[in-house]
Protein chains: 2
Amino acid sequence: MIFNKGQQFEETFCISSEVHSSFVQLFNDRNPLHTDNQFAIERGFTSRVMHGNILNGFLSFFIGECLPTKHVIIHSQEIQFKNPVYMNDALNFTAVVEDVYESVNAVEFKFVFRNSSKIVAKGKIQIGLLK
Amino acid sequence: MIFNKGQQFEETFCISSEVHSSFVQLFNDRNPLHTDNQFAIERGFTSRVMHGNILNGFLSFFIGECLPTKHVIIHSQEIQFKNPVYMNDALNFTAVVEDVYESVNAVEFKFVFRNSSKIVAKGKIQIGLLK
């Protein structure tokens with residue numbers, strides 16, 4: 001087993017205007033909270049709030065590209081959004097191996113996205129190891 | 001409250017080659033399971049497996065664009081991937097209001113993605129209603 005409980009990983013992700021506009025074009029989620037500064041400001045936000053599911057795209061990259069093996073598949077994932085993320089925020093992402101299930105070749109990670117020191121999202125993701 | 005327990009929604013989503021390639025370009029997850037047919041076939045799949053987080057992008061569209069109000073924000077979501085999805089699969093998406101929390105203006109949905117009649121993914125998503 002190439003994963004051990006407590007093993008840690010770290011990445012940095014930035015929601016640039018290109019990431020935001022590509023996500024909008026790809027999935028057509030033009031909800032005003034994400035696309036209309038005035039709408040967002042009137043509801044107490046600093047500006048347009050970035051789509052939470054952009055962070056799930058970053059998780060896809062983390063699992064698919066940043067682990068010591070490419071032989072992986074996502075079984076399940078969960079995320080809680082704790083604070084808004086704005087355009088050009090650089091997010092610090094950390095993940096730690098929470099459990100290793102050797103008998104079924106599965107690994108569970110806990111992860112946190114932070115903006116400066118503030119937690120903006122956290123959750124868990126379980127993967128299977130492929131032959 | 002414009003949502004009622006048991007209220008149902010239905011959409012159809014297709015993972016076209018354009019959706020797949022745009023997702024790959026956006027998030028740079030070029031894991032061979034998603035980009036190399038031979039790799040996927042050698043591991044028992046029919047062909048390249050589509051990224052599970054494309055389904056989370058469809059959830060973004062559902063919450064942002066398909067509800068009777070645009071005044072929403074996602075609090076949390078979870079998804080379990082039950083069966084592989086392949087390119088050009090047309091997915092039937094159904095969601096049902098599982099709980100309404102009027103005192104905190106929150107609504108929880110259970111959702112299922114089906115490919116023909118087979119469940120490919122299921123989960124829950126909780127939203128908050130904005131003023």
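Biologist: Which residue in strand 5 of chain A stands opposite A:Ile79?

Modeller: A:Gly123 does. Strands here are DSSP runs of E with at least two residues, helices are runs of H or I with at least four, and both are numbered from the N terminus. Before we go on: this is a predicted model, where local features need pLDDT of at least 70 and side-chain atom pairs count only at pLDDT 80 or more, while totals for chains, interfaces and linings use all residues. Residues are numbered from 1 along each chain as its sequence is written, chains are lettered from A and ligands numbered from 1 in the order in which they are written, and side-chain values use heavy atoms, without hydrogens and water.

Biologist: What makes strand 2 and strand 5 of chain A a pair, and which way do they run?

Modeller: Two strands pair if DSSP finds at least two bridges between them. Strand 2 (residues 72-81) and strand 5 (residues 118-129) of chain A are joined by nine bridges, so they qualify, and they run antiparallel.

Biologist: How do you know that strand 4 of chain A also pairs with strand 5 of chain A?

Modeller: By that rule again: ten bridges link strand 4 (residues 106-115) to strand 5, also antiparallel. A:Arg114, for example, has A:Ile119 as its bridge partner in strand 5. Two residues lie between the strands of this hairpin, and there A:Ser116 takes a positive phi near 55°.

Biologist: Why is A:Thr69 called buried?

Modeller: Buried means under 20% relative accessible area, exposed means over 50%, and partly exposed lies in between (1.4 Å probe, protein chains only). A:Thr69 has 17%, so it counts as buried. This residue sits in the loop between helix 4 (52-65) and strand 2 of chain A.

Biologist: What does A:Thr69 touch, leaving out residues up to four places away in sequence?

Modeller: Contact means heavy atoms within 4.5 Å, and A:Thr69 touches A:Ile2, A:Phe3 and A:Leu129.

Biologist: What makes the approach of A:Thr69 to the backbone nitrogen of A:His71 a polar contact?

Modeller: A polar contact is a pair of N or O atoms within 3.5 Å; within protein, one must be able to donate a hydrogen and the other to accept it, and residues adjacent in sequence count only if both atoms are side-chain atoms. That nitrogen of A:His71 lies 2.9 Å from a polar atom of the A:Thr69 side chain, so the distance is within the limit.

Biologist: Why is the meeting of A:Glu65 and A:Lys70 called a salt bridge?

Modeller: The term needs a side-chain nitrogen of Lys or Arg within 4 Å of a carboxyl oxygen of Asp or Glu. For A:Glu65 and A:Lys70 the N to O value is 3.8 Å, so the pair qualifies. A:Glu65, at 21%, is partly exposed, and so is A:Lys70, at 31%. The count over all chains is four salt bridges. Among them are B:Glu65 with B:Lys70, at 3.8 Å, and B:Arg43 with B:Glu42, at 3.7 Å.

Biologist: What are the accessibility labels of B:Arg43 and B:Glu42?

Modeller: B:Arg43 has 23%, so it is partly exposed; B:Glu42 has 56%, so it is exposed.

Biologist: How do you know that the buried residues of helix 1 of chain A lie on the same side?

Modeller: In helix 1 (residues 17-27) they are A:Val19, A:His20, A:Phe23, A:Val24, A:Leu26 and A:Phe27. They cover an arc of only 165° around the axis, which puts them on the same side; the arc is that of the directions from the helix axis to the C-beta atoms. The face turned away from that side carries the exposed A:Glu18 and A:Gln25. Among the elements covering the buried residues are strand 1 (8-14) of chain A and helix 1 (17-27) of chain B.

Biologist: What makes the relation between the two chains a two-fold axis?

Modeller: Chain A can be laid on chain B with an RMSD of 0.0 Å by a turn of 180° and a shift of 0.0 Å along the axis, which is the relation of a two-fold axis. The superposition is by least squares on the C-alpha atoms of residues with pLDDT of at least 70 in both copies. In chain A, the C-alpha of A:Glu78 is nearest the axis, 2.0 Å from it.
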